[in-house]
Amino acid sequence: MRISTVLSISKVEAGILLRYYSWSVSKVHDEWFADEEKVRRSVGLLEKPVVPFPDGREMTCGICFENYPRDRLQAAACGHPFCNSCWAGYISTAINDGPGCLMLRCPDPSCAAAVGQDMINALTSEVDREKYFRYFIRSYVEDNRKTKWCPAPGCDYAIDFILGSGSYDVTCCCSYSFCWNCTQEAHRPVDCGTVAKWILKNCAESENMNWILANSKPCPKCKRPIEKNQGCMHITCTSPCKFEFCWLCLGAWSEHGERTGGFYACNRYETAKQEGVYDDAEKRREMAKNSLERYTHYYERWATNQSSRQKALADLQQMQSVHLEKLSDIQCQPESQLKFITEAWLQIVECRRVLKWTYAYGYYLPEHEHAKRQFFEYLQGEAESGLERLHQCAEKELQVYLNAEGTSKDFNEFRTKLAGLTSVTRNYFENLVRALENGLSDVDSHGACSRMGSSKSLGGGSSRGRSGKGKGLTSRSSGSSRNIDDSGHWSCEYCTFANVKSATICQMCQQRQ
C-alpha cells in the first residue's frame, strides 16, 4: 500500500516491484527515483501497450491461432491478445513448474511485460491459485532478510526479526527458540561458530575413528583392527588370518611364556614402557584415548542437560495444564498466586539450555589458558549447583503439597523458598552468560586470578555489580552487608536460601550472615 501510494502505481505493480527487489522497500525507492524508465524495462511494467488491443468483434489468439470474440481474450500491459484457455494453460504450467511463476512474463517470445496477480486470480483454478499464493508467501519469507521460517519440525510460522536488537535469540509462537543468525536452537551465550563445530563433531565419523584407534590394535600380520574382549593378553586374530600375538607388545605369541610374564603381563612391554621406547602408533593410541575421554566427558553432560531440559518442558506443560488447578484447590489459593511455580519451571528450562551449551564452550576453551578455564569452571559449577537446588525443590518438594489432603501450614514458606531459589539461580546464570559473552575478560590469562577467592558474591542477590573495566568481580569481606532483594529477603551466600529481612542466621544452613 505504501509503495503504490508513494510511486503512484497500482497495488499489483507494487507487488511485482517488491518481489523483484526482494521485498526491500528502500531498494525499490532508491532504484525507482534514480531511473524510473530503467526499472520499468527491467521489471516489465509498461506505461503503454506495445501493440494496440484491436476493437474488432473477433480476434485471433496468438497461441492457438483460433478466432475468438473480444470478451474471451485477455492481454497483459503489452496488449498481445491470447484466449482465456491458452492463458489458463500457460499460467497453470508456470505455477506447476515452481516459484518462477511469480515473475511471469507475456507468452509472446519477444515481449517482457509482467503478468500481474490480478490476471492469475481471474484465469486459474482454485488449486493453482492456492499454490501460487503459497509461492507468494514463501517469496516474502525467504527473499526478505528480515524474515525467516521457524525451523521447528511441523511449524508453519514465520518470524519477523528487528535487526540491531543485540541478541539473535528469537522465540516462535510455537514456543521454539532458535538463533536468528544460524537457525540452530538458541545457544546463547555460545557463538554460532562454536555451535557449528560442536554439532559437526557430534555427527562426524572422526569420533568413530578415535574410538577404534583408542580401543583396538592392528593385527601384526594382516593389520586389521582388533578389539580385546577378555582379560588374557593372548590374542588370536579372526579367520582367515588366525595369527596369535601378545596384546601388549604385538609380538608373536610363540615367543612368549613364563619368562616374558605369562598370560596377563609382558615384561618386554613393561621394560620398553619404563625406558620410554614407545613407537608412534602407541603414542597416537594414547593421544586418541585421552582425546576420546575428554570429548565423552563434555558430550555426556551436554546430552544429559538436553534430556533434563526436555523433561522439564514436559513437567512445565503438565504443571500448567493439570497441577496448578489441583494445587489451587488443595491449598485454597487462586491460580494467580501460584505463578511463582510456573516462573520457577520456566527458569529451569532456560537454565538447562544455557548450561548445556556451556559444556560445548568448555570443550573448545584452550587448554593453556589455565586461569580462564579455572574461572569458567567455577562459574559453571556455581550455576549448576544453584540450578540443581532449584530443580529439586520444584520437582521433589512440590510433590508434598500436590499429594496433601488439605491446606498445608508451611506452604507460604515453600513459596518463599522456591521464589528465592529462582531469583538466586537467575543471578548465577546471568553472571555466567555475561562472563562467557565477554570472553572471560575478567581474568588475566597470563596469571592466576586473584579474584577467585572473593567472587562468592556471584548470584548473591544484587551484589553482582562491576566497578568498571578491569575491576573484576565484587569481593566479599567478613563485614559485608546483606544483599536484600525487592521482596524484602536476603539470599544466604552459602546455600542461597532466601531469608526474611529480620533474620541474622540462615534458616536453612544456620550460617551467620
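Trainee: Let's begin with one residue. Is Tyr-363 buried or exposed?

Mentor: Keep in mind that this is a predicted model. Buried means under 20% relative accessible area. Tyr-363 has 9% relative accessibility, so it counts as buried.

Trainee: And Tyr-364, what is its relative accessible area?

Mentor: Tyr-364 comes out at 25%.

Trainee: How many aromatic pairs does a search of the whole structure find?

Mentor: The search turns up 27 aromatic pairs. Take Tyr-363 and Tyr-364: their ring centres are 5.0 Å apart and their planes meet at 90°, so this pair is edge-to-face. The general idea is that you describe two aromatic rings by how far apart the centres are and by the angle of the planes.

Trainee: Let's move on to helices. How do I check the span of helix α13?

Mentor: You compare an expected span with the distance between the end C-alpha atoms. Helix α13 covers residues 370-402, and at 1.5 Å a residue its 33 residues should span 48 Å. The end C-alpha atoms lie 47 Å apart, so the two values agree.

Trainee: Where is the kink in α13 centred?

Mentor: Go to Cys-393: the α13 kink is centred there and amounts to about 30°.

Trainee: Which helix holds His-323, and what does that residue touch?

Mentor: His-323 is in helix α11, residues 280-331. Leaving out residues up to four places away in sequence, His-323 touches Gln-318 and Leu-402. His-323 has 16% relative accessibility, so it counts as buried too.

Trainee: Now zoom out. How many helices and strands does the chain have?

Mentor: You can count 14 helices and 14 strands. The chain has 513 residues, and 42% of them count as buried. It exposes about 28,300 Å², with carbon and sulfur atoms supplying 50% of that area.

Trainee: What share of contacts joins residues at least 24 apart in sequence?

Mentor: Among contacts between residues at least 6 apart in sequence, the share is 50%.

Technical notes. Residues numbered from 1 in each chain as written. Predicted model: local features only at pLDDT ≥ 70, side-chain atom pairs only at ≥ 80, totals over all residues. Heavy atoms only, no water. Phe/Tyr/Trp six-rings, centres within 6.5 Å; stacked < 30°, edge-to-face > 60°. Buried < 20%, exposed > 50% of the residue type's maximum accessible area, 1.4 Å probe, protein only. Helix = DSSP H or I, 4+ residues; strand = E, 2+ residues; numbered from the N terminus. Contact = heavy atoms within 4.5 Å. Areas by Shrake-Rupley, 256 points an atom, 1.4 Å probe, with all protein chains shown as cover. Expected span 1.5 Å × (residues − 1). Bend = angle between axes of the 7 residues up to and from the residue.
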